[in-house]
There are 2 protein chains.
Amino acid sequence: VLARFEQWEGVAARDLNLGPDDVVITTGSQQMLYLLSEALLDEGDIVINGAPSYFVYSGLLEVFGVQVRSVVEDEGGMSVDGLSALLERLKAEGDLPRVKLIYIVDYFSNPTGVSLAADRRPRIVELAERCSIDHRIIVFEDAAYRELRYDGPDLPSLKRYDPKNRTVAFTTTFSKPFSPGMKTGWTILPGDLLGPVLRIKGNHDFGSSNFNQHLLDRVIADGSYDGQVTRLREAYRTKRDVMLAALEQHFGRFAGGRCRWIKPAGGLYVWFELPAGMQTGLKSRLFTAAVEEGVLYTPGEFAYTPQPGLTVPRNCVRLSFGVASTQEIREGVSRLARAAARVGVHPA
Amino acid sequence: VLARFEQWEGVAARDLNLGPDDVVITTGSQQMLYLLSEALLDEGDIVINGAPSYFVYSGLLEVFGVQVRSVVEDEGGMSVDGLSALLERLKAEGDLPRVKLIYIVDYFSNPTGVSLAADRRPRIVELAERCSIDHRIIVFEDAAYRELRYDGPDLPSLKRYDPKNRTVAFTTTFSKPFSPGMKTGWTILPGDLLGPVLRIKGNHDFGSSNFNQHLLDRVIADGSYDGQVTRLREAYRTKRDVMLAALEQHFGRFAGGRCRWIKPAGGLYVWFELPAGMQTGLKSRLFTAAVEEGVLYTPGEFAYTPQPGLTVPRNCVRLSFGVASTQEIREGVSRLARAAARVGVHPA
């Protein structure tokens with residue numbers, strides 16, 4: 001896998017102080033989310049993420065009794081100024097020693113589809129290093145969707161800016177771009193974290209499926225992996241375009257054109273903002289109406305961890321175009337529009 | 001997998017109050033060892049196992065800060081009288097409320113190759129139920145080696161004696177009898193433990209490889225699974241016999257015939273007892289000499305958790321005939337004999 005990483009980054013692994021021993025194979029990248037968290041986090045520690053962010057990870061963090069502090073994301077992903085201000089505030093409050101992880105889904109994020117802007121990448125690593133005073137703050141780069149790119153160039157990883165292999169844990173997966181059933185992820189870890197993480201993994205499962213690793217090794221070597229990634233990219237790109245067209249058709253003029261959605265350049269999700277005041281939560285009228293129409297969405301508020309100083313938007317929705325067929329996507333958006341029309345827009 | 005279980009036990013799943021929803025698929029049975037332990041154990045709790053017992057599980061228990069109390073095993077596995085006496089003692093000491101699990105590798109145990117005698121099985125389940133006063137004591141049945149049977153009939157599981165699906169968690173794996181690389185295990189859990197275990201598993205890895213499950217489903221349906229199990233059984237049986245013959249040849253008359261070993265009816269291990277006083281630990285002269293001769297063994301003392309009242313034998317060794325070829329097995333035993341001869345026997 002290091003060869004792939006070298007190819008993506010256009011840099012030799014040894015120039016980033018990396019060798020094969022710095023790679024861990026896991027049951028999907030999801031397993032690494034747990035393992036690294038268990039290795040690094042004690043109760044009361046602080047994890048910084050984006051708002052919104054991958055809610056399965058935020059949910060998992062509850063197990064460890066840590067606090068989540070979120071930096072608002074914009075169309076370029078996590079704001080560097082926002083992160084800097086948060087770190088300053090935590091420092092002033094004496095809480096900097098509790099900050100252990102900065103978690104970023106930096107390619108076609110779940111839930112927004114947004115990628116971290118290229119110019120922000122070195123600055124975030126630098127910030128983490130500058131704030132690593134009495135202990136290291138690890139940047140946890142979740143690149144699960146990196147290979148599911150439909151438009152634009154590939155961006156350098158955060159890991160690219162960590163030439164000593166000290167600050168960034170880069171995790172990704174073969175499952176999303178190749179075959180979800182593989183459940184095989186891989187991570188480049190700072191060398192000193194390898195031992196603790198592998199000890200925990202040893203307790204959990206004593207190693208991931210060797211068969212799947214051999215299989216992946218072969219399909220990568222013979223080129224069929226890349227062929228499948230290309231096919232999946234084309235299929236998902238089409239689905240994305242169908243979803244965006246359906247949104248335009250059904251919601252373009254809804255409530256006087258007050259809906260917004262992000263056109264993702266990759267990944268599996270469209271982040272969809274309904275008019276202010278139109279609630280989307282599990283107990284909302286919209287959600288009930290959607291279920292009645294036979295369509296499901298993920299309420300956007302799931303992707304926010306409530307905390308002082310953070311206003312959680314209640315009018316957002318994560319739509320997924322991964323599994324559904326183009327026909328189902330069209331039908332689903334149309335049903336959602338019927339649900340929205342039934343509920344109607346109330347003043348914010 | 002329930003159909004397999006029905007076939008093994010000669011009883012309908014519904015007569016044991018079991019349905020498909022009571023089965024959990026994991027990354028090998030190893031993962032269930034962790035998950036069920038995490039679900040049930042708090043610091044200071046007590047887990048009962050055999051002496052000797054599977055040392056990877058005992059090691060894993062250290063994470064949870066629990067106490068291990070061991071019941072001496074004999075040629076019929078865990079002694080019911082020993083278990084009963086231990087439970088009585090714990091009750092008298094007021095510690096019964098802390099006992100959460102009784103862990104038994106009841107088919108061709110790692111490390112001894114011994115199986116739990118048929119007549120002990122219902123009695124152990126009954127004991128656990130009788131001692132479940134203010135809370136349930138779960139019998140954790142690790143049947144990983146069940147299908148690797150070379151002689152004798154298949155024995156009914158402990159689960160067979162739990163018709164209400166309340167007391168016994170039965171875990172086994174497709175990896176050992178079919179293909180280690182599969183890393184796919186399955187467990188029948190008491191229904192109310194399913195939710196907690198699946199929540200933890202969701203955090204750990206969000207589900208096991210679907211691909212491997214489909215693959216296993218197919219090979220089981222078309223009979224090639226059973227064919228492979230038969231082939232592996234024959235191959236391992238041959239290796240076992242080669243190892244036993246080599247032990248007879250090299251150790252039959254060693255130190256006046258004071259070596260003992262168990263002929264396992266299944267599994268992957270031979271438990272080998274050297275003359276009393278001949279230490280086998282990592283720092284022993286025998287271990288050093290063995291490494292110098294180019295052969296490795298697992299010191300038997302690893303399989304014991306030190307505790308008051310337990311005498312840990314220092315002269316035992318676990319030999320494995322799983323991976324090595326018959327040629328390597330012969331050579332390995334011969335090297336071990338050279339190492340033992342170099343060290344010599346000292347008075348006990």
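This is a predicted model: local features need pLDDT of at least 70, side-chain atom pairs count only at pLDDT 80 or more; totals for chains, interfaces and linings use all residues.

Reader: Why is A:Asn17 called partly exposed?

Author: Its relative accessibility is 48%. You'll find A:Asn17 in the loop between helix 1 (2-9) and strand 1 (23-27) of chain A. A:Asn17 also has a positive phi of about 60 degrees, although it is not a glycine.

Reader: And what makes B:Thr27 count as buried?

Author: Its relative accessibility is 4%. Buried means under 20%, so B:Thr27 qualifies. B:Thr27 belongs to strand 1 (residues 23-27) of chain B. Leaving out residues up to four places away in sequence, B:Thr27 touches residues of both chains, including A:Thr27, A:Asp205, B:Lys183 and B:Ser208.

Reader: How do you know that B:Glu62 is exposed?

Author: B:Glu62 has a relative accessible area of 66%. B:Glu62 sits in the loop between helix 3 (55-61) and strand 3 (67-74) of chain B.

Reader: What about A:Arg318: how do you know that it has no salt bridge?

Author: The nearest side chain of opposite charge, A:Asp142, is 11 Å away. A salt bridge needs a side-chain nitrogen of Lys or Arg within 4 Å of a carboxyl oxygen of Asp or Glu, so A:Arg318 has none. A:Arg318 is buried, too, and its place is in strand 12 (residues 316-320) of chain A.

Reader: Then what makes the pair A:Arg318 and A:Asn110 a polar contact?

Author: Their side chains are joined at 2.9 Å. The cut-off for a polar contact is 3.5 Å, so this pair falls within it.

Reader: One more: why is helix 6 of chain A called roughly perpendicular to helix 2 of chain B?

Author: Helix 6 (residues 191-204) of chain A and helix 2 (residues 28-40) of chain B pack at an angle of about 100 degrees, with their axes 7 Å apart. Roughly perpendicular runs from 65 to 115 degrees, so these two helices get that name. The contact is made by A:Gly202, A:Asn203 and A:His204 on the chain A side, and by B:Gln30, B:Gln31 and B:Tyr34 on the chain B side.

Technical notes
Residues are numbered from 1 along each chain as its sequence is written. Chains are lettered from A and ligands numbered from 1 in the order in which they are written. Side-chain values use heavy atoms; hydrogens and water are left out. Helices (H or I, at least four residues) and strands (E, at least two) are DSSP runs, numbered from the N terminus. Buried means under 20% relative accessible area, exposed over 50%, partly exposed in between (1.4 Å probe, protein chains only). Lys and Arg count as positive and Asp and Glu as negative; His and the chain ends are not counted. A polar contact is a pair of N or O atoms within 3.5 Å; within protein, one must be able to donate a hydrogen and the other to accept it, and residues adjacent in sequence count only if both atoms are side-chain atoms. Axes are lines fitted to C-alpha atoms, for helices over the stretch in contact, and angles run from 0 to 180 degrees between N-to-C directions. Angles under 35 degrees count as roughly parallel, over 145 as roughly antiparallel, 65 to 115 as roughly perpendicular and the rest as oblique. Contact means heavy atoms within 4.5 Å.
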